[in-house]
Amino acid sequence: MNPARLDVDRARCIGAGMCAMTAPDVFDQDDADGLVVLLEAEPAGTRLTAARMAAGLCPSGAITLGEPASGPS
């Protein structure tokens, strides 16, 4: 799989927790408000597979996948 960069929109998150249950190495929930916390922005291998699944399961669409950040040229 191609690498991807994850982004989360905490304002859009409803705290359902599907991301943290599906990909606990990539996502967590804030203890104070229950909203998504991104632990790893550019996961690889099985973590990326789980993150893609979590993005698809997110009921609010708060998780997006894009191109990885590129370093300086």
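Modeller: A nonpolar core is a set of buried Ala, Val, Leu, Ile, Met, Phe, Trp, Tyr and Cys residues joined through side-chain atoms within 4.5 Å, and the model discussed here is a predicted one.

Biologist: Which element gives the largest share of the largest nonpolar core?

Modeller: The largest nonpolar core has 15 residues, and those with the most contacts inside it include Leu6, Val26, Phe27 and Ile63. Two elements give two or more residues to this core, namely strand E1 (5–8) and helix H2 (45–57). The largest share, 3 residues, comes from H2.

Biologist: Which residues does Phe27 touch, not counting residues up to four places away in sequence?

Modeller: Phe27 is among the residues with the most contacts inside the largest nonpolar core, as are Leu6, Cys19, Val36 and Ile63. With residues up to four places away in sequence not counted, Phe27 touches Leu6, Val8, Cys19, Ala20, Val36, Val37, Leu38, Leu39, Ala51, Ala54 and Ile63.

Biologist: How many charged residues are in the lining of the largest cavity?

Modeller: The largest cavity has a volume of about 100 Å³, and of the 17 residues that line this cavity, the closest to its centre are Cys13, Ala16, Gly17, Cys19 and Cys58. The lining divides into 12 nonpolar and 5 polar residues, and the number of charged residues is none.

Biologist: What radius of gyration does the protein have?

Modeller: The elements run β-α-β-β-α-β from the N terminus on, and the C-alpha atoms fill a box of roughly 40 × 25 × 20 Å along the principal axes. For a compact globule with 73 residues a radius of gyration near 11 Å would apply, which agrees with the value for the protein, 12 Å.

Conventions. Residues numbered from 1 in each chain as written. Predicted model: local features only at pLDDT ≥ 70, side-chain atom pairs only at ≥ 80, totals over all residues. Heavy atoms only, no water. 1 Å grid on protein atoms, 1.4 Å probe; cavity = no way out; pocket = protein on both sides within 12 Å on 5 of 7 lines; lining within 4 Å. Points joined across faces, edges and corners; volume = space filled by probe spheres on them. Nonpolar A, V, L, I, M, F, W, Y, C, P; charged D, E, K, R; others polar. Buried < 20%, exposed > 50% of the residue type's maximum accessible area, 1.4 Å probe, protein only. Helix = DSSP H or I, 4+ residues; strand = E, 2+ residues; numbered from the N terminus. Contact = heavy atoms within 4.5 Å. Rg over C-alpha atoms; globule rule 2.2 N^0.38 Å.
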